[in-house]
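User: Can you walk me through this model? I'd like to start with how the chains meet.

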Amino acid sequence: MRRLKAFLLSTEALLSVIAAAWLLSQPLAASELSYRDVYRHQLAQDFAEVSARSAETRAALCAFAAGGDEKELKEYYGELLSKLGSYCLRVEAGTEQTDVGCAGGRAFQVTASRALLCGEEFVDARFTLSFDA
Amino acid sequence: MASKPHRRYGAPAPAGRMPPHASSKAMTARRASRICRAFSNDGAACRGIFDFDAVVASVLAATVLFMGMTAFSTGAHSFAEGVSLLESERTAITAADYLVKDCDLGVARCELGFAYPHEYGGRIGDAGRALSNATGKKVRTYANESAEGICAKRLMLNGTRAVVVVACVD
């Protein structure tokens with residue numbers, strides 16, 4: 001009976017030590033919080049907004065959606081990405097798509113889209129930013 | 001074999017077996033010595049076993065306490081750093097959002113009291129000072145320039161071309 005009591009007390013003490021160790025390790029996990037997901041969504045929305053508002057970019061996107069050259073768009077977005085950071089941008093207009101700055105495999109991505117009036121038709125323009133995990 | 005009846009703790013000791021002034025420590029020492037002799041034939045080796053036991057227990061307790069204090073101190077320090085970094089990140093992201101959408105604190109174009117979000121209206125230096133006053137932290141702002149520190153970058157339209165505006169927190 002005494003041995004059982006001692007065993008139970010030892011187990012209780014061990015559990016207390018484990019619980020204390022777990023509690024002490026919690027603040028470390030809290031430091032991994034970040035606002036980066038909010039920031040990433042803001043950036044994707046920025047790409048969509050400035051592209052839809054600019055008459056020049058809108059015209060280039062409409063031409064691209066109609067099967068035109070992607071070179072102008074690649075240069076424009078490539079220059080912006082060089083100032084923003086090493087992100088990968090996929091631009092889709094209608095059924096066409098092109099990638100800018102996409103070197104390796106990316107894990108996290110966000111998409112923003114706008115409807116563009118190209119002539120008399122609406123074209124769906126989608127901007128997908130990909131980031132390292 | 002008839003077993004001896006156990007005496008309850010706290011009950012008076014039988015006369016002649018234990019002096020009335022015996023302390024509980026002495027009782028514990030005798031008990032430890034008895035347990036030791038039960039497992040060993042060497043009576044001399046069992047002398048002082050209680051003291052050794054107490055020392056080991058104290059060392060273990062001190063080690064666990066030291067490890068706990070060290071872990072707590074490291075954890076608390078790391079947590080404080082993480083919170084400080086998170087706060088700077090939040091300020092930078094908020095400041096950059098104001099840059100894009102506000103014409104008092106930010107650089108959005110204003111006309112007749114209306115703000116045009118995402119349309120660059122200049123005054124990037126003024127925005128830095130205004131944001132520093134509003135947030136109570138040193139906020140640096142740039143347009144189309146590279147920056148170091150905890151920064152948030154956003155896109156605005158200047159005419160028909162996009163510019164990168166940056167808000168950094170020291």
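Analyst: 25 residues of chain B are in contact with 25 residues of chain A. Contact here means that the C-beta atoms of two residues, placed from the backbone, lie within 7 Å. This is a predicted model: local features need pLDDT of at least 70, side-chain atom pairs count only at pLDDT 80 or more, and totals for chains, interfaces and linings use all residues. Residues are numbered from 1 along each chain as its sequence is written, while chains are lettered from A and ligands numbered from 1 in the order in which they are written.

User: How much of chain B is buried?

Analyst: 22% of its 170 residues. A residue is buried if 20 or more other C-beta atoms lie within 10 Å of its own, exposed if 12 or fewer, and partly exposed in between, with C-beta atoms placed from the backbone.

User: Which residues touch the most other members of the largest nonpolar core?

Analyst: Phe47(A), Ala92(B), Ala96(B), Leu99(B), Val165(B) and Ala167(B), out of 51 residues in that core. A nonpolar core is a set of buried Ala, Val, Leu, Ile, Met, Phe, Trp, Tyr and Cys residues joined through C-beta atoms within 7 Å.

User: What is Val165(B) in contact with?

Analyst: Leaving aside neighbours within four places in sequence, its contacts include Ala96(B), Leu99(B), Ile124(B), Arg154(B) and Met156(B).

User: Switch to chain A. What's the strand order in its open sheet?

Analyst: β2-β1-β4-β3, 4 strands with antiparallel pairing. Two strands pair if DSSP finds at least two bridges between them.

User: Why is one side of β2 and of β3 left without a neighbour in the sheet?

Analyst: β2 and β3 (108-118) of chain A stand at the edges, each with a single partner strand, so one side of each has no neighbour in the sheet.

User: How many bridges join β1(A) to β4(A)?

Analyst: 6, between β1(A) and β4 (residues 121-131) of chain A, running antiparallel. β1 (residues 88-93) and β2 (residues 96-100) of chain A pair over 5 bridges, also in the antiparallel sense. Leu89(A) stands opposite Val100(A) in β2(A), and its bridge partner in β4(A) is Leu129(A).

User: Last one. Why does Thr98(A) count as partly exposed?

Analyst: Because Thr98(A) has 16 C-beta neighbours inside 10 Å. Thr98(A) lies in strand β2 of chain A.

User: What does Thr98(A) touch?

Analyst: Glu70(A), Leu73(A), Lys74(A) and Val91(A), not counting residues up to four places away in sequence. Leu73(A) is 25 residues from Thr98(A) along the chain, and their C-alpha atoms are separated by 8.8 Å.

Definitions and conventions:
Helices (H or I, at least four residues) and strands (E, at least two) are DSSP runs, numbered from the N terminus.
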